[in-house]
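Dear colleague,

Please find the structure placed in this message, for your use.

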Amino acid sequence: MDKKKYLIPFSGLALLACGNEVREQHPNIIYVFPDQFRNQSLGFWAEDEYSDCIGWQADPVRTPNLDRFAGESAVLYRAFSTCPLSSPYRGMFLTGMYPERNGVTLNCMAERPESTLNPDAVCISDVLAANGYSCGYIGKLHAETPMKNDPANPGHYVSDRTPEWDAYTPPERRHGFSYWYSYGTFDEHKNPHYWDTEGIRHDPHEYSVRHETDKAIEFLRNENGEREEGAPFFLVLAYNPPHSPYESPDDCMEEDLELYRDMDYSELYVRPNADTTLTKAPSARYYFANVTGVDREFGRLMDELERLGLDRNTIVVFTSDHGETMCSHGTLDPKNSIYTESFNVPFLIRFPDRIRHRTDPTMLSTTDIMPTLLSMAGLEEKIPETVEGRDLSPALLENGKECDVPDAVLYIRNYDGERDEDGLVRGIFPAARGVKTDRYTMEIAITRNYEVERVLIFDDLEDPYQMNNISHTENQELFSSLCGKLGEKLEEANDIWYREKILERLSFDNIGLAR
Ligand code: CA
């Protein structure tokens, strides 16, 4: 069947000739996003072709499969996780909406019942399913508040942990995903568990990345009716590694750890902003081991896709929900910051004959992913009104139409709002907002009294490791210009900082903002 496929320029669709019947065949989409996989941990950045556009040194990681994949993809080096935290990322990726509209404002857990994917929000999978796709979700969902709905123990959470983080997602909340092999959040890489389409729990006692890749391969082969034969498919594969834990050989595969076991800190830590006296410093070996573990399994998936002859009409994305600071900037928090190690994410997209291999400077926000993929799948007309991101497919596709590409992206950090008498978090505190332009990064953080807590400004061109915070008081013109850009992005996002005029109300050491 594959050799009878013809590509139509401009449309994103291929024709499949089936006997006398010729019908439009939308491309398949595979979306792979390991958790906490930082952009710096990709081996190919050390190669001349790629290193010229970044200005920083790649981590000393072995990722041969992703290196090869990059050679067939558009490699976006300015992709950012708008709110670089597990659950808010997932809400934005799935809906193309900002957290305040899709419901996922904070990391989902039992004490934050309000932070959960709105059942009525139209997800990318809802749109694809409505247009004939078979949709499958494998791995970590972490976009739902845990509920007392354990299929094996009705009326109880899925575990007896307090507070509960893990969750079971019942069929009515799966947003068009007809194949399900997923869980909420759970951090034992060699002891994962999943609930399948029927709500049956599986405890496979093996490395989660390997197990999930096996399930993804079953989905591709469609051995057990995982998807509708002949229909295009959308497969999401959400690995948990290289997310923590990364403290011991129990947290990764021995064969991968071998590559990094004997490296000392001067070899493991190539970024001059890393502080290897932090207690976290030994984690790099295990983190990199999981990076290589993800690479191997991703390669196995791509090999199978090719063996099945499905690679030519399949869009494949490799990205992550956020990065990992790994001892940079003196923080132990791996994410939820504007530092480039947390905010910048990998984004490799392969679509044979439609996307040319290159490094690509397009600035991508999390909300842009859904409309861009729907458009590439030939469903531009089906992008829901609720989507707040941009369709950037013209900028990425060969012979794409003209489109405005963003000159800056928004950064969002929220903390818990007040707690009620039951100890449950009610609402959010919008702790920081920031903006990244083609040259600068700026973040403004506030106290709970809505006073300025900190202003960060980095010149990412001259200072790619963000080691020198440019004084906002001594560089008023630059600061005003960045505040102007932040104001634009806040308005575009209809953000709480825009609606409540938080930026305007702040006092910056007597500096008036040029608005
Ligand atoms: Ca995460």
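Predicted model: local features only at pLDDT ≥ 70, side-chain atom pairs only at ≥ 80, totals over all residues.

Residues are numbered from 1 along each chain as its sequence is written, and side-chain values use heavy atoms, with hydrogens and water left out.

Domains and interface

The protein chain is assigned domain 1 (26-396) and domain 2 (408-505); such bounds come from an automatic or database domain assignment. The C-alpha centres of the two domains are 26 Å apart. To the contact, domain 1 contributes 35 residues and domain 2 contributes 38 residues, contact being heavy atoms within 4.5 Å.

Between them, domain 1 and domain 2 bury about 2,900 Å², with 57% of it on carbon and sulfur atoms. Buried area here is the accessible area (1.4 Å probe) that two parts lose on being put together, summed over both. On the side of domain 1, the residues that lose the most area to domain 2 are E100, I338 and M363, together 21% of what that side buries.

Which polar interactions cross this interface? The rule finds 17 residue pairs in polar contact between the domains, both residues at pLDDT 80 or more. A polar contact is a pair of N or O atoms within 3.5 Å; within protein, one must be able to donate a hydrogen and the other to accept it, and residues adjacent in sequence count only if both atoms are side-chain atoms. The elements giving two or more residues to the side of domain 1 that touches domain 2 are α4 (99-102), α10 (340-343) and β13 (358-364). Helices (H or I, at least four residues) and strands (E, at least two) are DSSP runs, numbered from the N terminus.

Salt bridges

A salt bridge is a side-chain nitrogen of Lys or Arg within 4 Å of a carboxyl oxygen of Asp or Glu. By this rule the count is 44 salt bridges, and the count between domain 1 and domain 2 is five. E114 pairs with R426, their closest N and O atoms being 3.1 Å apart. For R112 and D416, the closest N and O atoms are 2.8 Å apart. That pair links distant parts of the chain: R112 is in the loop between α4 and α5 (124-130), D416 is in strand β14 (residues 408-419), and 304 residues separate them.

Calcium site

The calcium ion is coordinated at 2.0 to 2.7 Å by D35 (OD), D35 (OD), S86 (OG), D321 (OD) and H322 (NE2). Donors are N, O and S atoms within 2.8 Å of the metal (3.2 Å for Na, K and Ca); water is not among the atoms, so sites may look incomplete. The sequence spacing of the donor residues is D-x50-S-x234-D-H.

Backbone

Most residues other than glycine have a negative phi, and most peptide bonds are trans. Q36, in the loop between β4 and α1, has a positive phi near 70°. The peptide bond from T162 to P163 is cis, with omega near -5°, and P163 lies in the loop between β6 (134-140) and β7 (177-183). Another cis peptide bond joins P241 and P242, with omega about 10°; P242 is in the loop between β10 (233-238) and α7 (254-257).

Yours sincerely
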